[in-house]
Amino acid sequence: MAAETNMSANASDHLAQYSSVREFFHNRSVFVTGGTGFMGKVLVEKLLRSCPGIKNIYLLMRPKRGQNISLRLDELINAPLFDKLRKERQSDLSKIVPILGDITEPELGISVADQILLEKTVSVVFHSAATVKFDEALKLSVTINMLGTKRLIELCHKMTNLEALIHVSTAYCNCDRDEVDEEIYPPPYEPEQIIQCVQWMDESLIQVITPKLIGNRPNTYTFTKALAEDMLLKEAHNLPVAIVRPSIVLSSMNEPISGWVDNWNGPTGIIAAAGKGFFRTMLCHEDKVADLVPVDIVINLMICAAWRTATATTDHQPTRSRSITVYNCCTGQQKPITWKNFVNHSFQAMRKHPLGDLMWYPDGSCRSNWLINNISAFAFHLLPAHIIDIVSRLAGKKPIMVRMQSKLDKAAKCLEYFSTRQWRFLDNNVQALNVSLSIADRKEFPFDVSRIDWPQYIESYVLGIRHFIFKEHPSSLPEARKQLNKMLLLHRGSQLMLVLVVWRLIMSRSAVARKLWYHLLDFVLRMARVIPHI
């Protein structure tokens, strides 16, 4: 009885001490790297919308394509992603403060005055800046993913009010293992040695030794992300740090807009090309789990991880633990979907909500055999691309299909490593964090992947590609459906024609085939005469 009373008292104390995620961010300032990237934009919007008491969000930004950081900020806040905020609380957008800098520069390229500002005012740091190009040159990948992280840690050590640093990694940084737990694994090399190596080596020499350095990992991205985690472990010391490792990040599921996506990365470019009808085969093991996760789920987990890192206590130790907690943000354990189902649902959605200006009927297959896939790619990708380009040249138009197919082939090859393998990403820390939240916080910052409805989500993903990538308005759907029906007739007609051509070729070249055909035809006619008398 006394034990029950103590448990009840402890629970009451916990509820009394509980500070919500929204309350935690009240009157606190946040520093974000990678804030103009896909995930960074969703993070900034979510913080402003769900944490209205937040003081400032400092964004590390650099001039790009002739635009200074003020113009880039204007472009950012005028994107469709911020429509809801602009309508409901436009004044909150003034809380976004651009900080001129560059992740590739010493001291992040931040001026002394801005460094002092960040050191005195920032409580939470989200580090999502990275090069996500799988085929990035090792030197640039090291500079951004490793040196950039090291320079950020140096700045964080000077921040007098820092309560949480959230580092965005990738679930695939340990893709040389079949099972990946929520821990930092020893890297193949010392991070500092790799940094020094690429700094003095000639670019051509680095390119030669890159395959040997990355070893069993498929690319420089996963390699440098693994090293960055180990470097964080060594350099962070007493900083309050947590790592979030998302798997393959796709469009938003619910927030702030269902299906929002603004890039061609990962499967998105492949799905978009398949929707247009000119990508039809890919090397992929259909029975493998496709570990895909909506971007808003990742962002909600990042925000809650920051809250947990800053507020976590134990009964016996009121101060924060300085060990680094890792969160594997993945769907494979709680809500798995195979590549076969992902592809099938995608095609169903693309036929229900077709894209405009189709080149052919959306259809295709995953091939598990390398040779068959290559033959199919030649027949369905390369050969039609050359024919279309020849016709374009004759018509005086610019040929683009061969170049486009080359880019798609490159993207498909980058994805092959992940579509032909399967991993088991353990997510106990993610589950524990979800349980520790109040019901209100779980509702406001949901990251329970078991609630994903895959057919519904993939349909919104395809609609997002249609609306946000191709800029096609919903009012264009009726016309697109008419074109789809025409393409279906053309597609079926061409299939029938191919069958007839092959049949005619076989009949003209093989006496055995002709004999079998005549026997079959004779059998069918005899059965037709017998059936009425039965």
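At what angle do helix H14 and helix H15 pack, and how far apart are their axes? In this predicted model, local features require a pLDDT of at least 70 and side-chain atom pairs a pLDDT of 80 or more, while totals for chains, interfaces and linings use all residues. Residues are numbered from 1 along each chain as its sequence is written, and side-chain values use heavy atoms, with hydrogens and water left out.

Helix H14 (residues 370–394) packs against helix H15 (residues 401–419) at about 155 degrees, and their axes are 8 Å apart. Axes are lines fitted to C-alpha atoms, for helices over the stretch in contact, with angles running from 0 to 180 degrees between N-to-C directions; helices (H or I, at least four residues) and strands (E, at least two) are DSSP runs numbered from the N terminus. H14 and H15 are therefore roughly antiparallel (angle over 145 degrees). In H14, His-381, Ala-385, His-386, Ile-388 and Asp-389 meet Met-401, Val-402 and Gln-405 of H15 (heavy atoms within 4.5 Å).

The structure contains 22 salt bridges, each defined as a side-chain nitrogen of Lys or Arg within 4 Å of a carboxyl oxygen of Asp or Glu. Glu-444 forms a salt bridge with Lys-46, with the closest N and O atoms 3.8 Å apart. Glu-444 lies in helix H17 (residues 439–444) and Lys-46 in helix H3 (residues 38–50), so the pair ties together parts 398 residues apart in sequence.

Two backbone features occur in loops. Most residues other than glycine have a negative phi, and most peptide bonds are trans. Asn-27, a residue other than glycine, has a positive phi near 65 degrees and is placed in the loop between helix H2 (21–25) and strand E1 (29–33). Glu-255 and Pro-256 are joined by a cis peptide bond with omega of about -15 degrees; Pro-256 is found in the loop between strand E8 (248–250) and helix H11 (267–276).

Notes: Angles under 35 degrees count as roughly parallel, over 145 as roughly antiparallel, 65 to 115 as roughly perpendicular and the rest as oblique.
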